[in-house]
Amino acid sequence: MNTLSYKTISTNKETATKEWIIVDATDQIVGRFCSKVAKLLRGKYKPNFTPHVDCGDNVIIINAEKVRFTGKKETDKVYTRYTGYPGGQRFNTPAELRTRKDGMDKLLRHAIKGMLPKGPLGRSLMDNLYVYEGTEHDKTAQKPKTIDINQYK
């Protein structure tokens with residue numbers, strides 16, 4: 001058997017085929033929805049997935065304000081941030097974040113960021129995510145295709 005004919009082909013930045021995808025977040029559960037979006041950003045649904053390369057798609061999330069939590073997480077879950085000053089620890093619940101401008105953007109980005117690799121690759125993957133609270137977005141020039149996120153595992 002000639003073993004030289006079996007070579008593993010790795011995708012690099014130049015050969016990766018990146019697409020633009022629209023995902024509707026209406027009535028989706030936050031954790032399950034964000035794990036699927038993180039896999040799309042990473043490129044794990046593609047047959048030429050390479051772990052150390054950004055080979056995922058650009059994902060546009062619409063209707064972000066219609067995403068939901070299960071149980072009492074809407075009022076009981078607490079997000080902690082720090083201003084950098086003494087006594088500057090701030091706490092927010094998802095219900096409080098919904099009322100703020102770009103609150104749902106921060107909430108979804110926080111969940112997705114925790115599901116991506118830590119380091120330079122994970123930080124660059126977050127640049128491929130676009131979150132909009134309504135149905136309108138400004139990425140129509142990229143000709144994104146709409147997918148049903150429920151078809152993915």
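This is a predicted model: local features need pLDDT of at least 70, side-chain atom pairs count only at pLDDT 80 or more; totals for chains, interfaces and linings use all residues.
Residues are numbered from 1 along each chain as its sequence is written, and side-chain values use heavy atoms, leaving out hydrogens and water. Local features need pLDDT of at least 70 and side-chain atom pairs count only at pLDDT 80 or more, while totals for chains, interfaces and linings use all residues.

**View 1. The hairpin of strand 3 and strand 4.** Strand 3 (residues 79-82) and strand 4 (residues 89-92) run antiparallel and are joined by four bridges (strands pair if DSSP finds at least two bridges between them; strands are DSSP runs of E, at least two residues, and helices runs of H or I, at least four, numbered from the N terminus). Look for Arg81, which stands opposite Arg90 in strand 4. Six residues lie between the strands, and Gly84 takes a positive phi near 105 degrees in this hairpin.

**View 2. Gln28 in the loop between strand 1 (20-24) and helix 1 (30-42).** Gln28 is buried, with a relative accessible area of 12% (buried means under 20%, exposed over 50%, partly exposed in between; 1.4 Å probe, protein chains only). Beyond four places away in sequence, Gln28 touches Phe33, Lys66, Val67, Arg68, Ile149 and Asn150 (contact means heavy atoms within 4.5 Å).

**View 3. Helix 1 packing with helix 4 (residues 103-113).** Their axes are 9 Å apart, at an angle of about 65 degrees (axes are lines fitted to C-alpha atoms over the stretch in contact, and angles run from 0 to 180 degrees between N-to-C directions). Val30, Cys34, Val37, Ala38 and Leu41 of helix 1 meet Leu107, Leu108, Ala111 and Ile112 of helix 4 in this contact.
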